[in-house]
Amino acid sequence: MSNPAAVTAGRGSITHVIFDMDGLLLDTEKFYTEVQEIILARFNKKFDWSLKAKMMGRKAIEAARIFVEESGISDSLSAEDFLVERESMLQDLFPTSELMPGASRLIKHLHAKNIPICIATGTHTRHYDLKTQRHRELFSLMHHIVRGDDPEVKQGKPAPDGFLAAARRFKDGPVDSQKVLVFEDAPSGVLAAKNAGMNVVMVPDPRLDISYQDVADQIITSLLDFKPEEWGLPPFEDSN
Ligand SMILES: O=P(O)(O)OC[C@H](O)CO
Ligand SMILES: [Mg+2]
């Protein structure tokens with residue numbers, strides 16, 4: 001499924017690729033969901049996907065404010081205390097992070113074909129290090145990493161700051177946004193990429209409301225389904 005009006009802008013002329021990380025390259029969104037379900041259960045409330053959709057992709061403190069306010073617990077738990085409460089659980093979970101299907105194949109393919117690749121994630125450096133500790137070799141193929149606590153990321157997704165910083169830091173940057181393809185899983189991330197004037201492929205969790213698929217230029221169910229040649233990128237040479 002795709003947005004026909006937006007599809008033509010960059011197709012065939014992509015030179016650089018920016019990856020989101022949580023929920024796109026790494027199967028880490030489930031950890032946030034798990035701890036947030038536990039915390040809300042303490043207040044006899046359920047964590048649902050409409051709230052999840054609003055939080056994912058954002059900087060931690062921005063997501064925390066949405067969590068306590070929208071779930072109606074802000075009088076009992078501040079955003080700051082929520083972050084403290086979930087931290088010990090996340091610290092145990094993040095080092096077990098696994099790759100999403102197709103992530104390794106796509107990263108290795110683009111790197112082998114000399115397509116410059118990088119990451120723009122909302123996650124901050126301490127959590128980034130925990131999440132990627134089992135995947136250092138693969139992540140070393142990235143030209144650079146822009147994290148949520150980067151000084152140039154004044155505002156998190158859906159603001160374009162992270163993606164624009166990422167485009168500036170390529171060796172031949174700043175790269176024209178029209179030539180950049182972003183991969184994202186989160187509604188806020190898809191908006192951030194479009195706010196940066198970039199092309200975006202969304203790989204949404206099937207539990208997200210379908211209305212969130214309207215903004216992206218292309219929707220795929222898995223990175224395994226991505227066809228580089230549709231974007232002017234070198235095709236896979238395997239038969240998958
Ligand atoms: O999806 P990312 O990589 O921007 O990460 C954002 C948060 O850490 C998790 O939603
Ligand atoms: Mg994400």
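Analyst: Welcome! A polar contact is a pair of N or O atoms within 3.5 Å; within protein, one must be able to donate a hydrogen and the other to accept it, and residues adjacent in sequence count only if both atoms are side-chain atoms. The model is predicted: local features need pLDDT of at least 70, side-chain atom pairs pLDDT 80 or more, while totals for chains, interfaces and linings use all residues. Residues count from 1 along each chain as written, chains are lettered from A and ligands numbered from 1 in written order, and side-chain values use heavy atoms, without hydrogens and water.

User: Which residue has a polar backbone atom 3.2 Å from an oxygen atom of ligand 1?

Analyst: Tyrosine 32 has a polar atom 3.2 Å from a ligand oxygen, but in its side chain. The backbone atom at 3.2 Å belongs to methionine 21.

User: What radius of gyration does the protein have?

Analyst: The C-alpha trace spans about 50 × 40 × 35 Å along its principal axes. For 240 residues, a compact globule would be near 18 Å (over C-alpha atoms, 2.2 Å times the number of residues to the power 0.38). The protein agrees with that, having 17 Å.
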